[in-house]
Amino acid sequence: MCICVDCHWINRCQAYHAVERQHGVPHLNPRPTFQPERPKVHVQIRELPDGAVGLEWDVRACDSFAPDPGHWRRLRPNEALPA
Ligand code: SF4
């Protein structure tokens, strides 16, 4: 799970913007301005049901992480939490 979903900066963060792009999901903010300190992105290769291979990108650690539990969910209340 990406720690960004519970971070204060998620809708202003350039690193999370890159994660959204890799996942092919809509951006929370088209032009984020916040540059996080040392985000560590975990990339996992996943097998898809049709035999294809996909990549999953998650931020697992970040020096700028500022706890704000449920921030993503409050911004997108009717959508499923990103996996
Ligand atoms: S944890 Fe780091 S990379 Fe993720 S939204 Fe917060 S500041 Fe950005």
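Glu20 counts as buried, with 21 C-beta neighbours inside 10 Å. The threshold for burial is 20 or more such neighbours. Glu20 belongs to helix 1 in this predicted model. Its contacts beyond four places in sequence are with Val25 and His27. Pro82 lies 62 residues away from Glu20 in sequence, yet the two C-alpha atoms are 9.3 Å apart.

The prediction carries a mean pLDDT of 93 over the protein chain. A value of 70 or more is reached by 99% of the residues. Strand 2, residues 53-61, has the lowest mean, at 91. Helix 2, residues 71-75, has the highest, at 97.

The protein chain contains two helices and two strands. Their order from the N terminus is α-β-β-α. The radius of gyration is 13 Å, close to the 12 Å given by the globule rule for 83 residues, so the chain is as compact as a globular protein of that length. Along the principal axes, the C-alpha atoms fill a box of roughly 35 × 30 × 25 Å. Buried residues account for 20% of the 83 residues. Among contacts with a separation of 6 or more, 52% join residues 24 or more positions apart.

The largest nonpolar core has 13 residues. The members that touch the most others are Cys4, Ile10, Cys13, Tyr16, Val19 and Val59. Helix 1, residues 14-23, gives the most to this core, contributing three residues. Cys4 illustrates the packing. Leaving aside residues up to four places away in sequence, Cys4 touches Ile10, Cys13, Tyr16, Val19 and Val59.

The ligand is surrounded by 14 residues. The closest are Cys4, Cys7, Cys13, Pro36 and Cys62. By class, the shell around the ligand has 13 nonpolar residues and one polar residue. It has no charged residues.

Two further positions were examined individually. Gly54 lies in strand 2. Gly54 is exposed, because 11 other C-beta atoms lie within 10 Å, and the limit for exposure is 12 or fewer. Gly54 touches Arg46 and Leu48, with residues up to four places away in sequence not counted. His23 is 31 residues from Gly54 along the chain. The C-alpha atoms of this pair are separated by 9.6 Å.

Arg38 lies in the loop between helix 1 and strand 1, residues 40-47 being the strand. Its backbone has a positive phi of about 50°, although Arg38 is not a glycine. Most residues other than glycine have a negative phi.

Note on methods
Residues numbered from 1 in each chain as written. Predicted model: local features only at pLDDT ≥ 70, side-chain atom pairs only at ≥ 80, totals over all residues. Near = placed C-beta within 6 Å. Nonpolar A, V, L, I, M, F, W, Y, C, P; charged D, E, K, R; others polar. Core = buried A, V, L, I, M, F, W, Y, C linked by C-beta atoms within 7 Å. Helix = DSSP H or I, 4+ residues; strand = E, 2+ residues; numbered from the N terminus. Contact = placed C-beta atoms within 7 Å. pLDDT = per-residue confidence, 0-100. Rg over C-alpha atoms; globule rule 2.2 N^0.38 Å.
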